Amino acid sequence: MNTKARSEYAIGIMLLVAAAVTYSTAGVFTKGVVAGAWAVIFWRGLFAAALTTGWTISQGTFRSNFFCMGYSGWAVGIVGAIGTAAFIPAFKLTSIANVSLIYAIAPLIAAVLAWRLIGERITIRTLAGSFCAILGVGIIVSGSVGQISIQGDALALVMTAAMATIMVIYRKFPDTPGAGPSVLQSLILLPPSFALGAPFRTEPFEIFILAAFGLLFAVASVTLAEGAKRVPSGQTALLSALETPLAPVLAFIVFTEVPNRATILGGSVVLIAVLMSIRNDKETVEPVVAD
């Protein structure tokens with residue numbers, strides 16, 4: 001590896017770590033304000049959409065991102081809106097640890113969906129890891145049975161399924177832009193969040209916090225994309241997985257939120273399954289396209 005390549009690789013590592021750290025703060029931002037979930041969705045989406053649009057204009061990619069999305073871009077925007085509508089309320093109803101650990105299985109669900117729906121090869125290790133991860137999620141959810149947090153766990157599962165679907169769409173249609181669909185999902189949610197969340201009743205200081213939430217996550221999306229271009233995919237997945245253990249740590253530091261036994265046990269199973277599936281494996285399951 002020459003000096004220039006090493007420099008690009010180092011930059012990629014830093015960008016991916018920065019993105020993982022930023023994404024891990026979602027629960028802290030959401031639980032750190034009194035504003036309801038729909039108000040959070042409104043302000044976060046408004047500021048994220050504005051910054052992302054400005055970034056595409058500065059990069060000269062506005063037209064390609066917004067006018068060349070195609071059906072796949074619209075699909076990403078709509079599915080992403082469903083995921084976001086579940087993601088933010090999930091933090092209000094269950095623990096940050098539960099949401100982050102359930103979300104950790106998204107790449108594994110995506111791998112199985114891609115195998116069944118578009119015939120993409122899947123390793124035996126990934127298939128086994130997927131079943132183990134689902135078992136881990138089952139253990140996590142069992143700790144919420146009979147409590148209101150079960151609703152949050154269910155919403156986290158909806159969000160995870162939505163994100164896995166988006167991953168499959170991008171694998172099937174790799175030319176689908178990232179910024180345009182991201183802005184679209186925020187815009188789709190503005191009318192319902194305005195109607196259901198009374199965002200203009202939010203305290204000015206909290207609007208400032210939610211603006212920072214939106215701006216940080218818009219930047220994180222860019223750093224994740226740029227970092228992934230410079231680092232091998234296996235290492236990209238591993239570095240992105242840093243978000244999962246970081247989120248519960250931040251929750252403990254900020255809110256003294258301690259995961260229950262089911263979350264710790266199930267979360268351990270999920271993390272082991274995810275990390276094991278990232279390793280290269282030459283054994284693959286033949287592609288099968290679902291009817």
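At what angle do the axes of helix α3 and helix α10 cross? I shall come to that after a word on the model.

This is a predicted model, in which local features need pLDDT of at least 70 and side-chain atom pairs count only at pLDDT 80 or more, while totals for chains, interfaces and linings use all residues. Residues are numbered from 1 along each chain as its sequence is written, and side-chain values use heavy atoms, with hydrogens and water left out.

Let me begin with the helices. The axes of α3 (residues 37-59) and α10 (residues 179-197) cross at roughly 150° and come within 8 Å. Helices here are DSSP runs of H or I with at least four residues, numbered from the N terminus. The axes are lines fitted to C-alpha atoms over the stretch in contact, with angles from 0 to 180 degrees between N-to-C directions. The crossing makes α3 roughly antiparallel to α10, a term for angles over 145 degrees. Residues of α3 in the contact include W38, F42 and L46, and those of α10 include V183, L190 and F194. Contact means heavy atoms within 4.5 Å.

I turn now to the aromatic rings. The whole structure holds 12 aromatic pairs. In one of them, the rings of F194 and F200 have centres 5.7 Å apart and planes at 70°, so this pair is edge-to-face. Rings of Phe, Tyr and Trp (its six-membered ring) pair if their centres lie within 6.5 Å, and planes over 60 degrees apart count as edge-to-face. F194 is partly exposed at 45% relative accessibility, whereas F200 is exposed at 57%. Buried means under 20% relative accessible area, exposed over 50%, and partly exposed in between, with a 1.4 Å probe and protein chains only. Ring pairs also join F194 and F200 with F42, W43 and F47 in a cluster.

Next, consider T84, in helix α5 (residues 70-93). Is T84 buried or exposed? With a relative accessible area of 10%, T84 is buried. Neighbours within four places in sequence aside, T84 is in contact with I41, R44, P89, Q185 and L189.

Finally, two residues other than glycine have positive phi values. A198, with phi near 45°, is in the loop between α10 and α11 (204-228) and is partly exposed at 28% relative accessibility. T256 has a phi of about 55°, lies in the loop between α13 (243-255) and α14 (261-278), and is exposed at 55% relative accessibility.

Terms used. Rings of Phe, Tyr and Trp (its six-membered ring) pair if their centres lie within 6.5 Å; planes under 30 degrees apart count as stacked, over 60 as edge-to-face and the rest as tilted. Angles under 35 degrees count as roughly parallel, over 145 as roughly antiparallel, 65 to 115 as roughly perpendicular and the rest as oblique.
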